[in-house]
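Here is a short report on how the chains of one model are built and how they meet. Keep the structure open beside the text as you read.

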Number of protein chains: 4
Amino acid sequence: MRNERKNGVRQAIVDTASRLFYKQGYVNTGINQIIAESGVVKSTLYTAFRTKEDILMEYLVQSGAATDAALKLAAEKGKDDKGKVLAVFDYLIDLVQEKEFYGCNFLNLISEIPTDAERVIKQIQKQKNGVRKLFASLLEPMGKEELADEIYILFEGALIANKVHNKVWPVDAAKKIAAKLIS
Amino acid sequence: MRNERKNGVRQAIVDTASRLFYKQGYVNTGINQIIAESGVVKSTLYTAFRTKEDILMEYLVQSGAATDAALKLAAEKGKDDKGKVLAVFDYLIDLVQEKEFYGCNFLNLISEIPTDAERVIKQIQKQKNGVRKLFASLLEPMGKEELADEIYILFEGALIANKVHNKVWPVDAAKKIAAKLIS
Amino acid sequence: MRNERKNGVRQAIVDTASRLFYKQGYVNTGINQIIAESGVVKSTLYTAFRTKEDILMEYLVQSGAATDAALKLAAEKGKDDKGKVLAVFDYLIDLVQEKEFYGCNFLNLISEIPTDAERVIKQIQKQKNGVRKLFASLLEPMGKEELADEIYILFEGALIANKVHNKVWPVDAAKKIAAKLIS
Amino acid sequence: MRNERKNGVRQAIVDTASRLFYKQGYVNTGINQIIAESGVVKSTLYTAFRTKEDILMEYLVQSGAATDAALKLAAEKGKDDKGKVLAVFDYLIDLVQEKEFYGCNFLNLISEIPTDAERVIKQIQKQKNGVRKLFASLLEPMGKEELADEIYILFEGALIANKVHNKVWPVDAAKKIAAKLIS
DNA sequence: CATGAATGAGACTTCATTCAT
DNA sequence: GATGAATGAAGTCTCATTCAT
């Protein structure tokens, strides 16, 4: 019971913060906005999380897990080995056209966090290494494991170029390259 | 001479701001730090620039021109048509290993600027479209102009993945892909 | 007791601000002066009030209530119906001769507030409508309710002319007219 | 020639400042806005006027003269002695309904000027004494000179109550009282 | 343990004025 | 004498965090 309440507060904070961090950015989102929109009192927030950065970490972990799952699921939709890799890009094509898509959570953060926030960088790297591993695992059956990082570069390039231009073509282009690489 | 004196303050502000914006990010750099490190008093800064965002715009324009020139110069070092394209990636390989390299100016900004800063986004898009055009012009002699955006995705992927992992391999991987594409 | 402690800061701010707003004007009084003279630090002030205008509103409400009470009390000192109306002007005659009298709170504000401060204007109108109603209620027993607004004009004329000339005669003149009107 | 240019600048400043002081108030109007809207360079403004308050003084003198003339002219439209007095109120009735009417220039200033601006207060008093004298001169032929200040109170009451409520009725009420007083 | 109140530091911007040419 | 550049002081408001109950 107690724990449920406690976790309820924690999760309410994370949910609100996640939405705001993602939409507005971490630095542009203030604690005051988080408490205003989550309905949690400020001092309660600070008993649930020691610092704003702690909330960020929780956001990274949770959205990281969701992202992992989504990518894995997307890959599984591919009909054959090659198709599984390309299915990830198909997923991106849909994703970037969603109404509330504002780019990749993790890439969005990488430039905006304070220089000394090492654990945040570490977490983002960990997340992205998961993607690299995913591609490696998808390429392995084809015996093309060594292409993993190249496909990964396409993945990142698609996402960041989409963020810059706010168009779908970067993802299309990335998919096209991927298809050539693993043909 | 005259101009140096006349624009001394303006340029001193831009120089300092550029360094700080690049190293720490735009939001993490306050006007107070800019005046402290440039030696310009606050009110003088605000006669030179109407807002902090105006300083950012000048930074974008100036560093954009420098970047354009550097990329063009880098490309010219390539021995043949294909070599010119790859020379851009060679340039990146050197660049990302420089001591004071903190990623691409423009990509660094794209996620941290306030949602309503449309002119900033426009300027970044303009800058990046310049890169796309550069690749198009390099590919044209080979009759492979249609690969321009694909190469561009590699360019961005290399930069952002380097930012994330702080390693050279993403640029190497991007170059490798580029080589395959235009082989 | 509790309440005193609880609202101590809020009221300290309002008290100091009221004094300064009244003596120097709203625009001529800065937040910095309010915090300096109230002993409340800036951030605390801004947890108690969202904006400077919010402090102004509280000042209007509080001084408005006090003014209402004072006028009602003054009127009650009149011996008969006619006397009650004139007693209000007698009150003004005393008031304007007080050492710390700087004119009518509300009239002082009406010209200096920013053009977009609609709620401030509304509050002042509400306050002044209270005075009109007071005169109406005092005149009703005499069956001269229709004179309320005329008496009110005298009230305002007395106050503003006193402010301009810093002399008592405007109030005397207004009282004299009032006497004629209701004779 | 020189003088014309010099006076041209002076007058351009006064014209712009007058408009802004009247519409927004003195404190709410900054030097920067004056130079922006008058097209006069800041340093030139400060050779034409030593301080912002000097501009205000010139504004008071010029608009004061215009007001004097307008009131005199209005009075002359009255058909008989009594009519001349009431004609002043008829003028006000029209005036307050004009699109760009924001209250009486002089009353608007009286509460907003810094406490130490004695010469400004003096000038406003002088202006208002002119109105009192006008009423005295209009009442003299009727042998009712002693009513001058009472009529004057009505004049001020009408103006300030109109400013507060933004309605015509205060002027109507004032006129009605005036009619009774001099009947 | 939950919380209302408080905080020091700093955010960006504008003020009226003066100085050096 | 006109002016572009510079200025110190002050403007309102927000930051992430902590303390006393």
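## Chains C and D

This is a predicted model. Chain C and chain D bury about 3,100 Å² between them. Carbon and sulfur atoms account for 68% of that area. Three residues stand out on the side of chain C: C:Ser111, C:Ile153 and C:Val164. They supply 19% of the area that chain C buries against chain D, more than any other three residues. The size of an interface is often given in this way, as the accessible area lost when the parts come together.

Contacts can be counted too. On the side of chain C, 38 residues take part, and they touch 38 residues of chain D. Two salt bridges cross the interface of chain C and chain D. C:Lys180 forms a salt bridge with D:Glu150. Their closest N and O atoms are 2.8 Å apart.

## Chains A and B

Now turn to chain A and chain B. The area buried between them is about 3,100 Å². Carbon and sulfur atoms give 68% of it. Which residues of chain A lose the most area to chain B? They are A:Ser111, A:Ile153 and A:Val164. Together these three make up 19% of what that side buries.

The contact takes 38 residues from chain A and 38 residues from chain B. Two salt bridges are counted between chain A and chain B. A:Lys180 forms a salt bridge with B:Glu150. Here the closest N and O atoms are 2.8 Å apart.

Some chains have no contact. Chain A and chain C are one such pair, and their closest C-alpha atoms lie 11 Å apart. Chain B and chain C are also without a contact. For chain B and chain C, the closest C-alpha atoms are 19 Å apart.

## The make-up of chain A

How many helices and strands does chain A have? There are nine helices and zero strands. Read along the sequence, the pattern of chain A is α-α-α-α-α-α-α-α-α. The C-alpha atoms of chain A fill a box of roughly 55 × 35 × 30 Å, taken along the principal axes.

## A helix pair in chain C

Look at helix H9 (residues 148-165) and helix H10 (residues 169-182) of chain C. Their axes come within 7 Å and cross at roughly 165 degrees. An angle over 145 degrees counts as roughly antiparallel, so H9(C) is roughly antiparallel to H10(C). The crossing of H9(C) and H10(C) is right-handed.

Which residues make this contact? From H9(C) come C:Glu150, C:Ile151, C:Leu154, C:Ala158, C:Ala161, C:Asn162 and C:His165. From H10(C) come C:Trp169, C:Pro170, C:Val171, C:Ala174, C:Ile177, C:Ala178, C:Leu181 and C:Ile182. The residues of the contact of H9(C) with H10(C) sort into twelve nonpolar, two polar and one charged.

## A helix pair in chain B

Helix H6 (residues 81-95) of chain B and H8(B) pack at an angle of about 155 degrees. Their axes are 8 Å apart. H6(B) and H8(B) are therefore roughly antiparallel to each other.

In H6(B), the contact residues are B:Asp81, B:Lys84, B:Val85, B:Val88 and B:Phe89. They meet B:Phe135, B:Leu138 and B:Leu139 in H8(B). The residues of the contact of H6(B) with H8(B) divide into six nonpolar, no polar and two charged.

## Salt bridges

Conventions. Residues are numbered from 1 along each chain as its sequence is written. Chains are lettered from A and ligands numbered from 1 in the order in which they are written. This is a predicted model: local features need pLDDT of at least 70, side-chain atom pairs count only at pLDDT 80 or more; totals for chains, interfaces and linings use all residues. Side-chain values use heavy atoms; hydrogens and water are left out. Axes are lines fitted to C-alpha atoms, for helices over the stretch in contact, and angles run from 0 to 180 degrees between N-to-C directions. Helices (H or I, at least four residues) and strands (E, at least two) are DSSP runs, numbered from the N terminus. Angles under 35 degrees count as roughly parallel, over 145 as roughly antiparallel, 65 to 115 as roughly perpendicular and the rest as oblique. A crossing is left-handed if the near helix is turned anticlockwise from the far one by less than a right angle, and right-handed if clockwise. Contact means heavy atoms within 4.5 Å. Ala, Val, Leu, Ile, Met, Phe, Trp, Tyr, Cys and Pro count as nonpolar, Asp, Glu, Lys and Arg as charged, and the others, Gly among them, as polar. Buried area is the accessible area (1.4 Å probe) that two parts lose on being put together, summed over both. A salt bridge is a side-chain nitrogen of Lys or Arg within 4 Å of a carboxyl oxygen of Asp or Glu.
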